[in-house]
Amino acid sequence: MNIDILANSEIESVQGEQGYFEVKVRTKARYIDPQACTGCGECAAHCPISAVDVYNQSMGERRAIYIDYAQAVPLSFAIDQEACIGCGLCEKMCLAGAIKYDDAPQQNTLQVGSITLAVGTRTFDPSGLDFLGYGRFPNVVTSAEFERILSASGPYFGHLMRPLDREEPRKIAWLQCVGSRDTNNCGNAYCSSVCCMYAVKEAVIAKEHAGGDLDCAVFYMDMRTYGKDFERYYDQAREEEGVRFIRSRVHTITEVEESGDLELSFVDDAGRMQSEVFNMVVLSVGLETSPQTLELAEKFGLEVTDNRFCRTSTFAPIATSREGITVCGAFQGPKDIPSSVVDAGAAASAVGEALASARFSETRTKEVVPEKNVQGERPSIGVFVCKCGSNIAGVIDVAGVRDYAAKLPFVDYVTDNLYTCSQNTQEDMAEIIHEKNLNRVIVASCSPKTHEPLFQETLTNAGINKYLFSMVNIRNQDSWVHRNNPDLATEKAKDLVRMAVSNVALKEPLEEPELGIHQSALVIGGGISGMTSALSLARQGHDTHLVEQSSALGGQARFLYKTWKGEDIQSHLQELIAAVQAEPGLQVHLQTSVTQVDGFVGNFTSTLDNGEKEQTVTHGVTVMATGAGELEPAEYGYGQDARIKTALELDRLFQTDDPELKSVNTAVFIQCVGSREPERPYCSRVCCTHSIQNALELKTRNPAMNVYVLHRDIRTYGEKENLYNQARQAGVLFIRYNPEDKPVVQPKDGNLTVTVTDPILGRPLEIQTDLLTLATAIVPKRDEQLANFFKISHNDDGFFAERHAKMGPAEFATDGMFLCGLAHYPKSIDESIAQGKAAAGKAITLLAQEVIHSSGEVARVDPMYCSSCGVCVSICPYSAPSFIEEGRFAGKAQINPSLCKGCGLCAASCRSGAISLRGSDNRQIYAMIEAI
């Protein structure tokens, strides 16, 4: 309601300053009225002219009147004037009268207080790299093209085929770092951050499409799977899926005559020249800033880096060089989806701080559609079966499931859709509910965890109670797990739909309890991310309590020397601490622990104990920023020799300018100490950059010093690659070791000797060193008490588990709970600050509401049947059940609907049958069982 989308538009000029910007926008002609267009597609179906389909990477065709893809927002067609012949057929076919041949560009002037740039990047064009054969050999494709090949809406409708002859490939190779980490051929010295992971993903999905016989090989220099659960996915691809990983940069690709196959020439790990033939080659192209984006940055008067990304600082990672203009996403630097989402939340929070005084001054309220009373009506069910591209339709006979559903009792309407979650399908669904007078809806598609709220909103917009809905997960629970047995998968889908019909026919409208929101916040953890989050919340008008267990603010940042950009961490940290202490709405509690928590979203009550007294605070939201720590290593002789230090201990020497550093003539760094190990199978993300930064610091202090970095992969992602290049130019030597043949550290004749096998020579190399620094793992604190207090969980590695890895990286599944910093996963200072702001931004969306509604699908107790056994009270993980203290039913159980999450554990455990779950009572469960 409060977002105006100006699609097909570009910025012409920007004037003014923060709070008073004037932006001139030019909206191009699309020759179709987007307000009138219904997205029905009749115009495109009758258009006689074909044009290149740019959305599908020019591998297919579209009509001259087109829409990019089914889920486009807004869902409105446009006419390609360069392809259109002006036959007028589309105008004749359009019943909505949306065609506007006389359409012209429009000029708009916007008065805004703040601007956020989320303009993204483009993929590198490899056609100029002739040795790769792109553009000459049809079976050499880019990773973006391969994504479209795999997609059900792509040029081959999700079938894995190579472009030359539409044959299914048997061997596919991925070539990494095309357009990245390359100063010789393209000038893009940085790492594009995303290529390693998307290559691994594409290889795994390709094997799913083609079966286990497909041979997938990834040629790489360093495998940079540094994100949360990325290393696990990489291990799974290698060890379980059979994807081959070959450490080499391919020298030349030549085409095999007649067959169209491709011969790759490369040098293997032992230095031997090799060649191998593949049916298809995928170039993992990097990201780069487009000329249009650079032109826009110039209009805005923004500084860019040498790599042509927007210049920001570590302690203000989303602030541009012009006050009032923020940046998020890949224009700030190459990054993946979770990091982009975090940046977006941080930018929104920064804007909220700047414009807090104007909040609610120009908001619009959504019109509430009156809810239709369906009590007493015969069930009239609509079933919508989703193809979800090849995710479902590639395994399940969707048409067969659709036709089967039409024969089930009370089903009055059935259909199937390519993407049921798309905007046009949502609009169609609302219209169908009205036209067919449906009073219950079933969607058979993917996970309700991600999409159920969307479909429930559609029901609400159609005037139907949102709980008269059932979602059947025929993707995660069927097509994904039974992809090798499509016939049985189809039968299972029919069973699941039949069960859902039996269930939804017995559903009744439910009411949602209304909850007031206490307009204050609690932030637990006084590190950089916690302070950033607390400061942002306080600056936006909410009383905030910042709780820190130790005697000082700052967290792990207190022990760090400089950022990878060379900024002094301690001076910036002191500025942040001073700002926190000076903020009037922010109360700091040092040497304090949370000892008890009661309540629920909007109404938490926490007890704070500082050792001398207890204090109770009430707050609407909670931010977890409890941080992490440095592993104390149990290998490489740590603790046995004063010359062996951890990375943080070396930073302390730099901070104090310790005289010990002057006697160092040789220094060695060992990477992955405690990380990427069976007991800790994750990458600690920051270690490579930190070690290289410290190696350069040593070189700066003594250019003649010998510095060695012993590593498994160097993971200086993004523009941090610049640091890696600087280190090599400064003479830092990098030696790779295998985890099966780790370096050996031992004292010898009073010297400290490190022995490592050189991968080029294939021989052991002894290094006598004056200083050995161990890049140790970042380990989570894993505070089980806090997790139990707030009903939140950890992942297998001990870090807090976010709501959704990509779309909810700064929030928990538990309502009113948010997270940031090292408590979520190892990350750098700028990433911690961004996530701290993002957590605050998500919390503000909740605090901005005076009231919210909790779920209607909660447990309820019939006290007449309750035996007061207390099983429900003891077993509930959310503390929702309690005993009635007085009155007729004293001693009987009751459920607090605000705390109940509808898990059904109490109902399943109740010995007397007194507890039932609204929306899933015994009648519905037995009906589903009988339907089997």
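**Briefing: burial, salt bridges and surface patches**

Asp-343 counts as buried, at 6% relative accessibility, where buried means under 20% relative accessible area, exposed over 50%, and partly exposed in between (1.4 Å probe, protein chains only). The structure is a predicted model, in which local features need pLDDT of at least 70 and side-chain atom pairs count only at pLDDT 80 or more, while totals for chains, interfaces and linings use all residues. Residues are numbered from 1 along each chain as its sequence is written, and side-chain values use heavy atoms, with hydrogens and water left out.

**Overall form**

- The protein chain has 932 residues and a radius of gyration of 30 Å, which agrees with the value near 30 Å for a compact globule; the radius is taken over C-alpha atoms, and the globule rule is 2.2 Å times the number of residues to the power 0.38.
- Taken along the principal axes, the C-alpha atoms fill a box of roughly 90 × 80 × 60 Å, and 54% of the 932 residues count as buried.
- The secondary structure comes to 23 helices and 47 strands, these being DSSP runs numbered from the N terminus (helices: H or I, at least four residues; strands: E, at least two).

**Salt bridges**

- The count comes to 53 salt bridges, each defined as a side-chain nitrogen of Lys or Arg within 4 Å of a carboxyl oxygen of Asp or Glu.
- Asp-343 meets Lys-335 in a salt bridge at 2.5 Å, N to O, and Lys-335 is buried, with a relative accessible area of 15%.
- Lys-507 and Glu-857 form a salt bridge whose closest N and O atoms are 3.9 Å apart; this pair links distant parts of the chain, 350 residues apart, with Lys-507 in the loop between helix H13 (486–504) and strand S24 (514–516) and Glu-857 in the loop between strand S43 (851–853) and strand S44 (859–861).
- Lys-507 is buried at 5% relative accessible area, whereas Glu-857 is partly exposed at 24%.
- A network of salt bridges links Arg-181, Asp-222, Arg-224, Glu-231, Arg-247, Arg-676, Asp-713, Arg-715 and Glu-721.

**Surface patches**

- Ile-3, Ile-5 and Val-73 make a nonpolar surface patch of about 330 Å²; patches consist of residues with over 30% relative accessible area and no salt bridge, with like charges joined within 9 Å and nonpolar side chains (Val, Leu, Ile, Met, Phe, Trp, Tyr) within 5 Å.
- Ile-3 lies in the segment before strand S1 (9–17) and counts as exposed, at 70% relative accessibility.
- Glu-427, Asp-428, Glu-431 and Glu-435 form a negative surface patch, in which Glu-435 belongs to helix H10 (residues 423–435) and is exposed, with a relative accessible area of 60%.

Note on methods:
Areas by Shrake-Rupley, 256 points an atom, 1.4 Å probe, with all protein chains shown as cover. Lys, Arg positive; Asp, Glu negative; His and termini not counted. Charge placed at Lys NZ, Arg CZ, Asp CG, Glu CD.
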